[in-house]
Amino acid sequence: MRKALLAALAAFGVATGAAAQDARGTLRAVLLGELRSLDPVWTTATQTRFHSFMVYDTLFGLDAELNVRPQMVERWEVSPDNLTYTFTLRDGLRFHDGAAVTAEDVVASWRRWALTDAAGMMISGFLASLEATDARTFRATLREPFGQLLFALAKPMAMPLFVMPARLVRDLSGQQQVAEPVGSGPFRMLRDQWVAGSRVVYARNPDYVPREEPASGNAGGKRVRVERVEWLTLPDPTTQAAALQRGEIDFIETAPLDLLPVLRRNRDIVVRPVWPTGTQGILRLNHLNPPFDNPAIR
């Protein structure tokens, strides 16, 4: 059973087609589960993280070779003693409400993120100060060197550091959810078209300026080639596969192993892994309730 489970998880794949994209450039996708929270600091749910990469942007990203690359940051300097990091934001960054992204927004987002994320909390143990020095520049001063600082700011796992407007997060703890999905990312969430348990809709952000370099992993230029993205909730895998084959949807995140041969036979569908290292599942017993509250049984 264990080998079968690990084999199934390692075979994580994606099936894509083009038939469902309409003349307006709408991409319809089916992901695992449904979006329940819009706040990536409040939960580590995968759907919320995917949503956040659509709506928000990050200071750094990891490319396909897991190298740290700048994203919102234009340049940065590290002092000779490795204690002071000075970052300058790219010019032209704007939130969906039209406000310019400032260093104050970064500082507020960083401080709230560090209340909940494990890497953020670790950085806080080394951090002497974090301050905005002008509209586009902020400085982090450490008590002692911490070599993983940039990686922690770039990581796409668990709770990435997504930058939000300071007005929305300055007074929030990690236990209070952000109410408005206002970011500076390549898509805007159409909140009025969100139907819980059915559909989430995003529109291309016309004011988003991608980086010049090619996209790689979570880094590089995020060039949007569709006007609209719809996440549809179809819990049954067989229904998902059938909709893909009929051209009603363009993308399913994970195809069941028993349906992969059927999908591969369709010339209009591409089946490929998106994360070569695979995914490892973890099962944890609830030790608060019987019978697993008994150490002997555990």
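Among contacts in the chain between residues at least 6 apart in sequence, what share joins residues at least 24 apart? The share is 65%, where contact means heavy atoms within 4.5 Å. The model is predicted: local features need pLDDT of at least 70, side-chain atom pairs count only at pLDDT 80 or more, and totals for chains, interfaces and linings use all residues. Residues are numbered from 1 along each chain as its sequence is written, and side-chain values use heavy atoms, without hydrogens and water.

The chain holds 8 helices and 13 strands. These are DSSP runs numbered from the N terminus (helices: H or I, at least four residues; strands: E, at least two). Of the 298 residues, 45% count as buried (under 20% relative accessible area; exposed is over 50%, partly exposed in between; 1.4 Å probe, protein chains only).

Strand β8 spans residues 137-142. It is mostly covered, with 5 of its 6 residues buried. Strand β6 (residues 84-89) pairs with β8 in the antiparallel sense over 5 bridges; pairing requires at least two DSSP bridges between two strands. Here Phe87 stands opposite Phe138 of β8. Strand β7 (residues 127-132) also pairs with β8 in the antiparallel sense, over 5 bridges. Ser129 has Thr141 in β8 as its bridge partner. A hairpin of 4 residues joins β7 to β8.
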